[in-house]
Amino acid sequence: MEYIKVQENGINIVFGITDKNQLKLLHFSKNEFCEGDLCKVGPECKAEDRARKEQFLDEAFQLVQVSLSGYDRPYEKHGNKHIVTAPGYLLTYVGMEDSVNEKGRCLIITQEDKEVTHVRVETVMQFYHGTSVVRMFNRVTNVGNETQCLEYLSSFCYTGIEKEGSENSDAKMRLRIPYNGWQKEISIKEYTFGDVGLAQTQPGVYQRTSQVFEVTNTGNWSSKKYLPLGYLENTQAHTSLFWQIEHNGSWHYEIGDQNTHFYLCVSGPTEVQSHWFKNLAPGESFESVPAAVGVAKDSFEQAVGELTRYRRLIRRPNQDNENLPVIFNDYMNCLFGDPTTQKELPLIDAAADCGCEYYVIDAGWYAPGEWWDSVGEWQECRERFPGGIKEVTDYIRSKGMIPGVWLELEVMGINCEKAKKAPDDWFFVRHGKRVFDRSRYQLDFRNPAVIEHVNEVIDRVVNEYGIGYIKMDYNIEPGIGTEIAAESVGQGLLEHERAYLAWLDDVFRRYPDLVIENCSSGGLRMDYALLSRYSLQSTSDQEDYRNYAAIAANAGAGVTPEQAAVWSYPMRQGNKEEVIYNMVNAMLGRIHQSGHLAELSAQRMELVKEGIACYKTIRGDIKRAVPFLPLDVTDNEDLWACGGLQTEDKAYLCVWKRQMEGKNNDRRLQAGTVCSDTTLSIPLGSLPFAKDGVQVSCIYPEKEPVSFQVEKDVLTVTFEKPVMARLFVVEGK
């Protein structure tokens with residue numbers, strides 16, 4: 001076998017070309033390639049073992065899995081596994097283009113099935129300067145004379161994910177799944193292979209099972225159950241493999257066994273999981289959704305750090321992510337969708353007094369009374385704003401803030417007059433009927449008339465209402481797709497989602513300074529198809545500030561800190577510790593200030609002002625920092641939460657104690673550290689500047705007492721009250 005070895009940015013990739021001229025992806029790791037790790041077929045290499053090894057190499061290790069309708073699969077795949085695809089196993093190697101562009105090195109690998117299906121597959125691998133992450137997608141082209149039906153196309157496929165190290169995969173492999181959900185976003189759980197039904201039992205023994213572990217999203221809420229990413233580590237080889245699917249709709253990844261190895265397949269929509277297929281006429285091409293794949297040591301913190309660097313590189317440059325202005329939004333634990341001029345004016349004064357820089361009028365500004373099922377035209381409501389909404393936005397600007405409004409442009413309520421008059425092809429349709437969800441219809445952005453409609457709204461709110469910030473929400477799930485003008489409902493959904501992204505690109509071309517926040521009932525579309533365009537991401541609609549701590553502590557797994565909008569909403573009736581806790585929740589992301597600020601006591605108001613002032617002194621570090629997880633990720637059941645950000649020379653650390661019966665974080669503690677109902681020890685020795693010890697200061701709040709001490713590289717805090725939080729800065733001695 002001829003090897004092609006690629007070493008770039010700490011990623012070691014090895015391809016093999018067989019004597020049948022087939023290309024195999026043999027290695028993708030931070031460690032160097034060891035040929036002995038391939039096809040471990042037993043302790044003694046007998047003649048039949050060598051033959052089986054050749055058979056396994058022939059059957060597996062495809063760089064691309066591509067499935068077309070109507071073709072045989074000669075090898076066993078068992079169940080729903082997306083392996084041994086046809087023509088995936090028929091592809092032969094054509095060549096590799098190796099170039100360098102402004103982003104980094106770029107490989108384009110071409111394979112073709114010249115005998116049976118007559119399709120060509122190009123694999124694009126874009127590396128990025130300064131991070132061990134490569135962005136990949138596959139393009140399949142029908143170069144034959146007959147139409148072919150595409151049922152599956154991988155974005156990344158790698159066999160042998162467990163091959164490094166001699167230990168059984170049950171002992172050495174760990175898988176992390178980032179669960180997501182409304183008001184409980186970014187809940188990260190760890191499993192062994194055995195936990196998810198992938199027990200190996202004996203390394204090197206030939207096994208064939210139907211078991212496959214699947215993580216799937218089907219629909220237009222891309223992260224309603226999981227974030228579109230995964231993390232896999234090998235504790236013996238001290239390596240990790242992690243991936244991010246950059247798509248705003250249906251996606252899928254799976255881990256299963258093939259012969260003596262385990263494989264990972266990552267893709268966008270599939271026929272089996274997502275009701276998707278696509279007919280390719282002669283000469284027609286289709287591209288998979290992009291997937292970013294990275295390597296690091298066996299450290300979730302380091303993997304997330306690499307993803308953070310990568311996310312900044314693929315993101316649309318914008319001043320919001322450079323300056324990190326403070327946002328006030330009138331919704332959460334405040335007006336709750338019932339704004340009026342009379343209610344807004346004192347809040348505007350209070351927000352400006354606190355130092356906020358955006359002021360967002362949230363839901364309800366466009367209709368009197370109950371508005372849920374009538375939305376869609378987005379005209380100002382004179383009953384709520386007798387002098388017009390521009391009177392309020394002008395007042396916001398007079399106070400030195402940029403005004404914003406809430407929109408949900410992708411839907412129309414069933415009682416919207418415009419929806420009643422519009423033809424069905426404006427909307428998602430299945431079985432000849434408009435798709436309903438929660439008294440709304442889903443607009444189809446492939447339709448030019450829909451684009452004209454939403455552009456009119458954007459132009460009006462920007463040019464007539466004076467808006468510089470839009471909170472773009474999305475509160476329905478229209479399901480598997482639409483049958484209009486598509487071979488499959490899944491393809492209709494995919495085309496709509498790509499049209500939506502193209503529309504966003506056009507909006508930012510027309511209004512480059514417009515700031516748009518991504519919100520979908522909180523964080524239910526937290527993906528980097530959208531976040532490579534939007535400036536901010538709503539991390540949650542969590543209404544209990546104590547529960548928000550777990551989301552804030554883990555936010556870096558899903559989004560860069562400068563895009564992570566976190567609510568801070570001091571309650572009408574509360575105490576100083578409640579205000580402090582609320583502020584600490586938001587201070588290492590983007591402050592989404594809310595609450596009835598005009599009704600707070602002077603002492604509590606001063607704590608809000610102090611928090612915002614402190615934030616403005618550290619936000620220059622936030623936009624270049626990466627996550628710091630000294631106690632690993634926070635679980636929803638933990639009594640203590642801890643998370644922060646680190647740069648080359650300092651770290652910021654939030655510590656929370658939650659009023660609940662927790663697990664006391666026992667799973668995360670190192671020997672000699674303390675965890676009790678009042679005291680927590682936090683190791684800081686992993687920080688790059690901690691070689692000679694560290695010094696720690698509490699920077700928010702400065703005057704409220706808190707007990708803590710530092711011994712060499714361990715911070716021990718004592719929180720006597722049932723609900724407390726503090727923000728610390730850590731520096732080297």
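With a relative accessibility of 4%, Asp-320 counts as buried, a label that means under 20% relative accessible area, while exposed means over 50% and partly exposed lies in between (1.4 Å probe, protein chains only). The model is a predicted one, in which local features need pLDDT of at least 70 and side-chain atom pairs count only at pLDDT 80 or more, whereas totals for chains, interfaces and linings use all residues. Residues are numbered from 1 along each chain as its sequence is written, and side-chain values use heavy atoms, with hydrogens and water left out.

Asp-320 belongs to helix H5 (residues 320–323); here helices (H or I, at least four residues) and strands (E, at least two) are DSSP runs, numbered from the N terminus. The side chain of Asp-320 reaches the side chain of Arg-590 in a polar contact of 2.7 Å. Such a contact is a pair of N or O atoms within 3.5 Å; within protein, one atom must be able to donate a hydrogen and the other to accept it, and residues adjacent in sequence count only if both atoms are side-chain atoms. Setting aside neighbours within four places in sequence, Asp-320 is in contact (heavy atoms within 4.5 Å) with Pro-325, Tyr-358, Val-515, Ser-535, Leu-536 and Arg-590.

The next stop is the nonpolar interior. A nonpolar core is a set of buried Ala, Val, Leu, Ile, Met, Phe, Trp, Tyr and Cys residues joined through side-chain atoms within 4.5 Å. The largest such core has 133 residues, and those touching the most other members are Trp-365, Leu-407, Ile-458, Met-472, Trp-503, Trp-656 and Leu-727. Helix H14 (residues 602–622) supplies the largest share of this core, with eight residues. A second, separate core holds 56 residues, including Ile-4, Ile-17, Met-136 and Leu-280. Beyond its neighbours within four places in sequence, Leu-407 has contacts that include Trp-365, Trp-378, Ile-458 and Met-472.

Although Trp-378 is not a glycine, its phi is positive, at about 60°. Lys-712, in the loop between E38 and E39, is another non-glycine residue with a positive phi, of about 55°. Most residues other than glycine have a negative phi, and most peptide bonds are trans. Against that background, the peptide bond from Ala-86 to Pro-87 is cis, with omega near 15°; Pro-87 is found in the loop between strand E4 (66–68) and strand E5 (92–100). Tyr-700 and Pro-701 are also joined by a cis peptide bond, with omega about -15°, and Pro-701 lies in the loop between strand E37 (694–700) and E38.

Several strands can be followed as partners, where pairing requires that DSSP finds at least two bridges between two strands. Strand E10 (residues 173–179) is mostly covered, with five of its seven residues buried. E10 pairs in the antiparallel sense with strand E13 (residues 229–234) over four bridges and with strand E11 (residues 187–192) over six bridges. Elsewhere, three strands form an open antiparallel sheet in the order E36-E39-E38. Its edges are strand E36 (679–683) and strand E38 (707–711), each of which pairs on one side only. E36 and strand E39 (residues 714–718) are joined by five bridges, with Leu-680 opposite Val-717 in E39.

Helices complete the tour. Helix H12 (residues 545–554) has eight of its ten residues buried, so it is largely enclosed by the rest of the structure. The buried residues of H12 pack against E11, strand E31 (564–568), helix H13 (576–586), strand E34 (640–646) and strand E35 (650–657). Helix H7 (residues 341–354) and helix H8 (residues 389–398) have axes that come within 10 Å and cross at roughly 5°. Axes are lines fitted to C-alpha atoms, for helices over the stretch in contact, and angles run from 0 to 180 degrees between N-to-C directions. The crossing makes H7 roughly parallel to H8, a term for angles under 35 degrees, with over 145 counted as roughly antiparallel, 65 to 115 as roughly perpendicular and the rest as oblique. Among the residues that meet there are Leu-345 and Ile-348 in H7 and Val-392 and Tyr-395 in H8.
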